[in-house]
Amino acid sequence: MDKKLLQYILKKCETTIEILSKTTDLDYQQLYHVIYSNRSLKDHELEILSLYLKNKTELSNHYIDKRINKIKDRNHANLKGDR
């Protein structure tokens, strides 16, 4: 799910991982691992990507928040199982 979201953002904004990492506070290696090594995005990374999408596209805020919150909910569901 994280990989698909990141690929969607790259396609929608017509950018690359290199440019995305330079224009945001996200680390290039971390983004690379999301696409090629199945790494999950953390909540603060999702927030940064959400702001980036809101600024660079004409997608509605509701749509962006819905997609981002779906991944956040999955991240928090994994934490509950560890208790």
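**Exercise 1. K72 and its partner**

Determine whether K72 is buried or exposed in this predicted model, and find which residue forms a salt bridge with K72.

*Solution.* 
Step 1. K72 has a relative accessible area of 14%. Buried means under 20%, so K72 is buried.
Step 2. The salt-bridge partner of K72 is E47, and the closest N and O atoms of the two are 1.9 Å apart. The cut-off for a salt bridge is 4 Å between a side-chain nitrogen of Lys or Arg and a carboxyl oxygen of Asp or Glu.

**Exercise 2. Other salt bridges**

State how many salt bridges the model has, and describe the ones formed by D65 and by E45.

*Solution.* 
Step 1. The count is four salt bridges. Side chains of opposite charge can pair when their charged atoms come close.
Step 2. D65 pairs with K54 in a salt bridge, with 2.9 Å between the closest N and O atoms. D65 is in helix α5 and K54 in helix α4, so this pair ties together parts that are 11 residues apart in sequence.
Step 3. D65 is partly exposed at 28% relative accessibility. K54 is partly exposed as well, with a relative accessible area of 28%.
Step 4. E45 forms a salt bridge with R39, where the closest N and O atoms are 3.0 Å apart. Both of these residues, E45 and R39, are buried.

**Exercise 3. Tyrosines of helix α3**

Find how many aromatic pairs there are, and explain why the pair of Y28 and Y32 is classed as it is.

*Solution.* 
Step 1. The count is two aromatic pairs.
Step 2. The ring centres of Y28 and Y32 are 6.2 Å apart, with the planes at 35°. Planes under 30 degrees apart count as stacked and those over 60 as edge-to-face, so the pair is tilted.
Step 3. Both Y28 and Y32 lie in helix α3 (residues 28–36), four residues apart, which is about one turn of the helix. Y28 is partly exposed, with a relative accessible area of 31%, and Y32 is partly exposed at 33% relative accessibility.
Step 4. Y32 also pairs with Y36: the distance is 4.6 Å centre to centre, the angle between the planes is 40°, and the pair is tilted. Y32 and Y36 are likewise in helix α3, four residues apart, about one turn of the helix.
Step 5. Y36 has a relative accessible area of 56% and is therefore exposed.
Step 6. Y28, Y32 and Y36 together form one aromatic cluster.

**Exercise 4. A charge over a ring**

Which residue lies over the face of Y8?

*Solution.* 
R67 lies there, at 4.4 Å from the ring centre of Y8.

**Exercise 5. The surroundings of S21**

Locate S21, and list what S21 contacts apart from its neighbours within four places in sequence.

*Solution.* 
Step 1. S21 is part of helix α2 (residues 17–23).
Step 2. The relative accessible area of S21 is 13%, so S21 is buried.
Step 3. With neighbours within four places in sequence left aside, S21 is in contact with L26, D27, Y28 and L31.
Step 4. A polar atom of the S21 side chain lies 2.9 Å from the backbone oxygen of E18.
Step 5. S21 and E45 are 24 residues apart along the chain, and 11 Å separates their C-alpha atoms.

Key:
Residues are numbered from 1 along each chain as its sequence is written. This is a predicted model: local features need pLDDT of at least 70, side-chain atom pairs count only at pLDDT 80 or more; totals for chains, interfaces and linings use all residues. Side-chain values use heavy atoms; hydrogens and water are left out. Rings of Phe, Tyr and Trp (its six-membered ring) pair if their centres lie within 6.5 Å; planes under 30 degrees apart count as stacked, over 60 as edge-to-face and the rest as tilted. Helices (H or I, at least four residues) and strands (E, at least two) are DSSP runs, numbered from the N terminus. Buried means under 20% relative accessible area, exposed over 50%, partly exposed in between (1.4 Å probe, protein chains only). A charge sits over a ring if NZ of Lys or CZ of Arg is within 6 Å of the ring centre and within 35 degrees of the ring normal. Contact means heavy atoms within 4.5 Å. A polar contact is a pair of N or O atoms within 3.5 Å; within protein, one must be able to donate a hydrogen and the other to accept it, and residues adjacent in sequence count only if both atoms are side-chain atoms.
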